[in-house]
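Here is a short note for a colleague meeting this structure for the first time. Please keep the sequence and the model open while reading.

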Amino acid sequence: NLGSLKGKTVRRPNPHVDTRTQPVPSEILYTHGDITLEIDIKFINKMAFLITHSQSLHFITVECLTNRQVPTIVNSLKTTIRMYHNRGFNVVRILPDPEFEPLRPDFPILNTAAAGEHVPGIERTIRTVKDTV
């Protein structure tokens, strides 16, 4: 009797997920080892998020900001850059909007866009993330 078996059988647990980190393949590190980050701040429901997009890897990171003050943004960006360095990548350029100019003392690799302009790659990424969310 199938109904009797279903009620009396013990459910078997799912296998555990492997949480070990795999090394980045050397071909990817050789080809895309130097990273150019595009950064901007996006707003969803009046909440600010720092969003980064690497041009060659197309890897996106999003971090919630408690405020838009320079020390908060510096800490968030340093966390993101540290994440890339831990995986073997080297951030050589950061492309922000002109509003990020106060970050230059902490990040001399900033290459800000001209006044009144935006970085097109990160603006497109923001639209894609907002559509997805």
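The points below go from the basis of the model to its strands, a helix, a lysine, a turn and the salt bridges.

1. Basis. This is a predicted model, in which local features need pLDDT of at least 70, side-chain atom pairs count only at pLDDT 80 or more, and totals for chains, interfaces and linings use all residues. Residues are numbered from 1 along each chain as its sequence is written, and side-chain values use heavy atoms, with hydrogens and water left out.

2. Strands E1 and E2. Helices (H or I, at least four residues) and strands (E, at least two) are DSSP runs, numbered from the N terminus. Strand E1 covers 34-44 and strand E2 covers 47-54. E1 and E2 run antiparallel and are joined by eight bridges. Two strands count as paired if DSSP finds at least two bridges between them. Ile39 has Thr52 in E2 as its bridge partner. E2 is mostly covered, with seven of its eight residues buried. Buried means under 20% relative accessible area, exposed means over 50%, and partly exposed lies in between (1.4 Å probe, protein chains only).

3. Strands E2 and E3. E2 also pairs with E3, again antiparallel, over five bridges. Phe49 stands opposite Cys64 in E3. Five residues lie between the strands of this hairpin, and His58 takes a positive phi near 60° there.

4. Helix H4. H4 has 13 residues and reaches 18 Å from its first C-alpha to its last. That is close to the 18 Å expected at 1.5 Å a residue; the expected span is 1.5 Å times one less than the number of residues. Which residues of H4 are buried? They are Ile122, Thr125, Ile126 and Val129. Seen down the axis of H4, the buried residues fall within an arc of 105°, so they line one face of the helix. The arc is taken over the directions from the helix axis to the C-beta atoms. The buried residues of H4 pack against E1, E2 and E3. The face turned away from the buried side carries the exposed residues Pro120 and Asp131.

5. Lys42. Please look at this residue in strand E1. Lys42 is buried yet has no salt bridge. A salt bridge here is a side-chain nitrogen of Lys or Arg within 4 Å of a carboxyl oxygen of Asp or Glu. The nearest side chain of opposite charge is Asp131, 10 Å away. For charge, Lys and Arg count as positive and Asp and Glu as negative; His and the chain ends are not counted. What is Lys42 in contact with, leaving aside its neighbours within four places in sequence? The residues are Met47, Ala48, Phe49, Ile51, Val62, Ile126 and Val129. Contact means heavy atoms within 4.5 Å. Ile126 and Val129 are also among the buried residues of H4.

6. The turn between E1 and E2. The hairpin of E1 and E2 has two residues between the strands. Most residues other than glycine have a negative phi. Asn45 has a positive phi of about 50° although it is not a glycine. Lys46 also has a positive phi, near 65°. Asn45 counts as exposed because its relative accessibility is 72%. Lys46 counts as exposed because its relative accessibility is 83%.

7. Salt bridges. Side chains of opposite charge can pair when their charged atoms come close. How many salt bridges does a search of the whole structure find? The search finds three. Arg20 pairs with Asp18, the closest N and O atoms being 2.9 Å apart. Arg20 is exposed at 62% relative accessibility, whereas Asp18 is partly exposed at 45%. Arg104 and Glu101 meet at 2.6 Å, N to O. Arg104 is partly exposed at 28%, and Glu101 is partly exposed at 33%.

8. A link between distant parts of the chain. Arg68 forms a salt bridge with Glu99, with the closest N and O atoms 2.7 Å apart. The two residues are 31 residues apart and link distant parts of the chain. Arg68 is in the loop between strand E3 (60-64) and helix H3 (70-86). Glu99 is in the loop between strand E4 (90-95) and helix H4 (120-132). Arg68 is partly exposed at 45%, and Glu99 is partly exposed at 41%.
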